[in-house]
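Please read them with the structure in view.

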Amino acid sequence: MKIAIVGAGPRGISTLDQINLSSDQLTRESLDIIVFDSFDIGGSVWIADQNHLLIMNTPCGQATLFSQNTSKTPSFFDWIKSPNSSLAVKITKLTPNQKEALLTEIENLSATDYASRSLFGVYAKWAFTELVSMLTQKEISINFINQEVTSITVTFPNQFEVQTSSFTDSFSAVFMATGFPLNTLTKSENNLIDFAAEHKLTYIPAKNPSLTNLETIRPQETVILRGLGLTFYDYVTLLTQGRGGHFSIDDKGRYHYHKSGQEPVIYGFSRRGYPSHAKGSYEKDLAETMTPQFLTISYLKKLSPSSLSYQTFLKLMIKDLAYVYYTKSLPDLSKEELVSQLSNGHLDDNIKKQLLPHRIFDFDKLIRPESTVKPSDLDDFSSTIGDFLLDDATEALQGNQTSPMATTFEMIRDLRKSIRFIIENDLFDPSDYVNQFLGSFKSLNNFLAAGPAVNRLLELEALVRSNIVHFIAPPVEFKTSKNKFIVKNHWHSIEATTLIESRLPKESVIAANDNVYKKLLNTTIKPHTLDNANNLQTGAIAVERKTNQVINYENKIVKNLFIWGLPTEGLHFQTTTVAQTTPDNFFIKESQEMFKAFIQNINS
Ligand SMILES: Cc1cc2nc3c(=O)[nH]c(=O)nc-3n(C[C@H](O)[C@H](O)[C@H](O)COP(=O)(O)OP(=O)(O)OC[C@H]3O[C@@H](n4cnc5c(N)ncnc54)[C@H](O)[C@@H]3O)c2cc1C
């Protein structure tokens, strides 16, 4: 039997881990596995020799590539703390500087720290080598073809032809773990490419910053970054520290930037105008999650499919956030009293009086901070953002169980279990899900709960003080004129020679610039829709929810064609993470369910 794994990122490696764990049930006949990726093992996100300054936004004690934590299949942190990590760094092809940086990192990391993506890349290579060795001992052959798959065709039931530019073969099963696609550019993005080419400017569409060539950007050149999430922080790091600048920290904990002289001048903007909040420093156990009082699984279990409106969801979520916020800011208030008052919709005025007005929980202000800025501060919006970064960092440093604000943001992450339950059980009203949740919730989640480690905010604040990074208050008008990119608001008009879309590609392969999916969409796979009459597409590929096997245009399961991860985002929730060591991890459960189905298929 031949198995193809398309993609050598965390899901590709996890597929191998499952083959290894199920090998007893798979090896009645000879087994050949081929892994395909045009990037090296680890995939396009976890490139071992990428810039060491780029860090993960998952604490290293939570990440793993294996479904069982053993000495041969250790979690990321257990691997870091074993001699295997420094040995692996020494034998990986890296520059001497990078090796040194990684070895120092290994010495110093604690479980709640954020490791470099490069180190996770070395771990991925090590994990792959270990899996190959374990599989080879079981006489399972495994090969890596360092090429892009260009086409997958269903030839017979349970037979798939997989092609690259120089290889074609037939497989009994295909596991597609292809991650982020390249988007098909919109008309306006194509116009920007043409405009940049015509005027010798630089335009960088949405993509992973470590795959971007920034060398053409000259020192002191004006660069516009459109988007202020995690990718913005990456670009700022690459264009400052990545160009030889460095930070010092004074005895009050304030960061100061020392220029190299190679930095461009950066202007950032977005619809909201504010960069993402920091992740709070970890105080709780990495596996511990806070329990909601309102969006509880027992409440959700009573709902029937399609019955939950986005407004009801939001109201319950806000109550849960207010609950954790007030348990931290009013520790003397009884929890029962708090739940009872929030259930009635508001806090008693006598209780509110105990708090300064700016300490009253106000969700609208939280997600629309731009609406609270005094008009007099809009002119010098960069210093408004500087203050915001310092305030947010102060809260984050207090910790995610002490600071009311940092605990609130942590709660958004802890509500993911309830949100996943809602999505996996189709509880949302379909139109609210597609038109509101998929847009609005993701944006607020990215802003409040998916930001970077706190030192990135302190660095950014120092860069604002050094006049290297500037922010432009919304609403901002963007245009091209004469031979420049221009961003303009009521107070300023900035002309730039480089425009970077500082965000990741859209989380959907439906309209992506990807030949494999384009062809499969014409022949075999179809978009996942929630409401056939209205053709409400979630952006996902239609797969059987439990097993991730493709559902074709005739609504039949295509046995042994598995697609998991980002191409199923919309049908599943939060597929853009690595596997975690936390109990009941969705990534790991998915991989196990797929393999149960696969074994059943081959035995039937
Ligand atoms: C810049 C960046 C930073 C991130 N940081 C974190 C983080 O800190 N923590 C976290 O949990 N998540 C992070 N993520 C999310 C990331 O999606 C997941 O961590 C994880 O990489 C998903 O694993 P995957 O295997 O599903 O996809 P990927 O890691 O994206 O791997 C997919 C692989 O498939 C390959 N592929 C695609 N099409 C083909 C084809 N036709 N033929 C052959 N190969 C193909 C790609 O080249 C790629 O290597 C980050 C993502 C990005 C882009």
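**Notes on the interface and the ligand**

1. Arg117 and Asp234 form a salt bridge, with 2.7 Å between the closest N and O atoms. The model is predicted. Across the interface of domain 1 and domain 2, one salt bridge is found.

2. For orientation, the protein chain is divided into three parts: domain 1 (2-182 + 507-603), domain 2 (209-276 + 453-501) and domain 3 (297-449). Eleven residues from domain 1 and ten residues from domain 2 take part in the contact between domain 1 and domain 2. Taken over C-alpha atoms, the centres of domain 1 and domain 2 are 33 Å apart.

3. Domain 1 and domain 2 bury about 900 Å² between them, and carbon and sulfur atoms give 67% of this area. On the side of domain 1, Leu53, Leu54 and Ile55 lose the most area to domain 2, together 50% of what that side buries.

4. Three residue pairs are in polar contact between domain 1 and domain 2. The side of domain 1 that touches domain 2 has six nonpolar residues, four polar and one charged.

5. The ligand is surrounded by 29 residues, the closest being Asp37, Asn57, Thr58, Val149 and Val578. This shell divides into 13 nonpolar, twelve polar and four charged residues.

6. Which backbone atoms lie by oxygen atoms of the ligand? For Arg11, a backbone N or O atom is 2.8 Å from a ligand oxygen. A polar backbone atom of Val578 is also 2.8 Å from an oxygen atom of the ligand, and for Ala177 the distance from a backbone N or O atom to a ligand oxygen is 3.4 Å. The ligand taken alone exposes 980 Å², and the protein buries 92% of that.

Definitions and conventions:
Residues numbered from 1 in each chain as written. Predicted model: local features only at pLDDT ≥ 70, side-chain atom pairs only at ≥ 80, totals over all residues. Heavy atoms only, no water. Domains from an automatic or database assignment. Contact = heavy atoms within 4.5 Å. Buried area = accessible area lost by both parts, 1.4 Å probe. Salt bridge = Lys/Arg side-chain N within 4 Å of Asp/Glu carboxyl O. Polar contact = N/O pair within 3.5 Å; in protein donor to acceptor, adjacent residues only side chain to side chain. Nonpolar A, V, L, I, M, F, W, Y, C, P; charged D, E, K, R; others polar. Near = heavy atom within 4 Å. Areas by Shrake-Rupley, 256 points an atom, 1.4 Å probe, with all protein chains shown as cover.
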